Amino acid sequence: AQQAVYLRHQMDRGHLAMLMDVSDLPRESASEFLEGKEPKLVQLFRASERMKKYSVQRVLRTMLDKVRRGQFTLIVDGLDQIDMENEDRARQIVQHLATFLAQYPQIRCMVTGRPWAVQTFMKILMAKTGPWTFLQIDEFTEDECKSYLGDRWDDVQELEADLMSLPRFLERLRTMPTARLKKLRNGADVYWESLGPMLEKGCDKQQAKKMTVERALLLLSLLAFQMTKQKKWVRIPPGREFKKFRMDAFETGQEELKLDGISDFEQFKDALKEMASLNVGLKHLLIDNHELNEIHWQDRTLQAFCAAIWVTKFASESDREWLAQNQFVWHDKETQGVREMWRFACEMPVTTDIFTETEVRLVSEVDTYVQAMSILLAPEGGMSGVRSREMIYRGWPTMLRLGGFLNDADYDEEDVHTATLAAQDTARSHPTSSALDGQQ
């Protein structure tokens, strides 16, 4: 907010810029932006308590005047977070935005989103509006990472290069105890190292003492996985959509929920309310402290990590059938949304190399993990008919460790290669005896 005030005074004091989350875009028609009893943009402007003192008509008149003068900018944030369960519906929503911008060509508009979303929807916007300028915010360069991490740079060379370029991830690396940092191998290790203590702190602070770390992970991973299945990224808005999603999630996790003492839908709703009370301890992992009537993850990567816990700890046979049809394949843009989930699942702590047995069992079970990895090793591949080489590579060292071929916890690439040769020899000698047969 301070930056916005500064820029307003320095650049254009008369200009009005408004941020609109993609989930707030009109669903029915373009007219909802600036028409009706209380137009969408007016609602957003008056959302804060400070702005409620201004009447709807006064705000609307001001906006229309700014539009007429060319002093209005609309920033639509999170195009990649649009609900893709119904792609035709998603395209219709973007179409409403295009129609609105065509009706008011004086408006400047900025749309943010991940590359796949821009590629999917920008043709709709460009058909009626433009010209558009495309900018890509780059990830941290190696020099920038070195500068940010300082002396810790040498300790993180073995961690994920793509994750290291993200500020949230770098902040975790920068503040972690040095001795602990040197033991971590990948993004899953870092996220579990961060999330575990956060959950414990939140559960300890909960007055009712009903929520345990085990139950919290069950609920968080179920919500994250269900959102991934339905191609809902980051947010489920309140109202009818959240109520339907909640029922769908209960049906997906019904068996695991029963094992945790949640035997019916009413108990599930109560558990979600208890989950909401953890919000402060979880640093606002989910939105709304008092009643969980919507979901809004702090970031999509955290959602992907929690979804991966479901894959490696709780997944049922029907879940694995879905996973088999939704493997990540690099050249297939339809699978980009599940890449982070699969990456975390493959590298999830399963052995006690870094974490204790208790810590490991909170996020994975050996049999569940192996069954998930077996999907990747199946010769027929997934929906595209192509196996995910990247994910096989990421999960392969853990499979070797579980199979008894890679005994040194402090392994390197040469150790993995040697262990792979040993596994292949075993598979050739005993074609039906090893969980690693698929690699043969």
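Start inside the protein, at the second largest cavity, which has a volume of about 50 Å³. A cavity here is a set of points on a 1 Å grid over the protein atoms alone where a 1.4 Å probe fits but cannot get out, and lining residues have an atom within 4 Å of a point. Grid points are joined across faces, edges and corners, and a volume is the space filled by probe spheres set on the points. With a threshold of 30 Å³ or more, the count comes to 3 cavities.

Before you select anything else, a word on the model: it is predicted, so local features need pLDDT of at least 70 and side-chain atom pairs count only at pLDDT 80 or more, while totals for chains, interfaces and linings use all residues. Residues are numbered from 1 along each chain as its sequence is written, and side-chain values use heavy atoms, with hydrogens and water left out.

Now select Met-373, Leu-376, Leu-377, Met-391, Ile-392, Gly-395, Trp-396 and Met-399 to see the lining of the second largest cavity. Helix H18 (366–377) and helix H19 (389–403) are the elements that give two or more residues to this lining. H19 gives the most, with 5 residues. Helices (H or I, at least four residues) and strands (E, at least two) are DSSP runs, numbered from the N terminus. Colour the lining by residue class and you get 7 nonpolar, 1 polar and no charged. In this scheme Ala, Val, Leu, Ile, Met, Phe, Trp, Tyr, Cys and Pro count as nonpolar, Asp, Glu, Lys and Arg as charged, and the others, Gly among them, as polar.

Stay with H18 and pick Tyr-369, which lies in that helix. Is Tyr-369 buried or exposed? Tyr-369 counts as buried, because its relative accessibility is 0%; the cut-offs are under 20% relative accessible area for buried, over 50% for exposed, and partly exposed in between (1.4 Å probe, protein chains only). Leaving out residues up to four places away in sequence, Tyr-369 touches Thr-312, Ala-345, Cys-346, Met-348, Val-350, Gly-395, Thr-398, Met-399 and Leu-402, where contact means heavy atoms within 4.5 Å. Draw a distance from Tyr-369 to Thr-312: they are 57 residues apart along the chain, yet their C-alpha atoms are separated by 4.5 Å.

Next, select Gln-303 in helix H14 (residues 300–314). Gln-303 counts as buried, since its relative accessibility is 2%. Show its surroundings and, beyond the neighbours within four places in sequence, you will find Ala-224, Met-227, Thr-228, Lys-232, Trp-233, Val-234 and Trp-297 in contact with Gln-303.

Then move to Lys-231, in the loop between helix H11 (213–229) and strand E4 (235–236). Check the backbone here: phi of Lys-231 is near 55°, a positive value in a residue other than glycine. Lys-231 is partly exposed, at a relative accessible area of 32%.

The peptide bond joining Gly-130 and Pro-131 is cis, with omega about 0°.

Now for the sheet. Which order do the strands take? Three strands form an open sheet in the order E1-E2-E3, with parallel pairing. Strand E1 (16–21) and strand E3 (108–111) each have a single partner strand, so one side of each is left without a neighbour in the sheet. Neighbouring strands of this sheet are turned by 15° against each other on average, direction ignored; the axes are lines fitted to C-alpha atoms, and angles run from 0 to 180 degrees between N-to-C directions.

Zoom in on the pairs (two strands pair if DSSP finds at least two bridges between them). E1 and strand E2 (residues 72–77) pair over 6 bridges, with Leu-16 opposite Phe-72 and Met-18 partnered by Leu-74. E2 and E3 pair over 4 bridges, and Leu-74 has Cys-109 as its bridge partner in E3.

Finally, zoom out: the chain has 20 helices and 5 strands, and buried residues make up 50% of its 440 residues.

Key:
1 Å grid on protein atoms, 1.4 Å probe; cavity = no way out; pocket = protein on both sides within 12 Å on 5 of 7 lines; lining within 4 Å.
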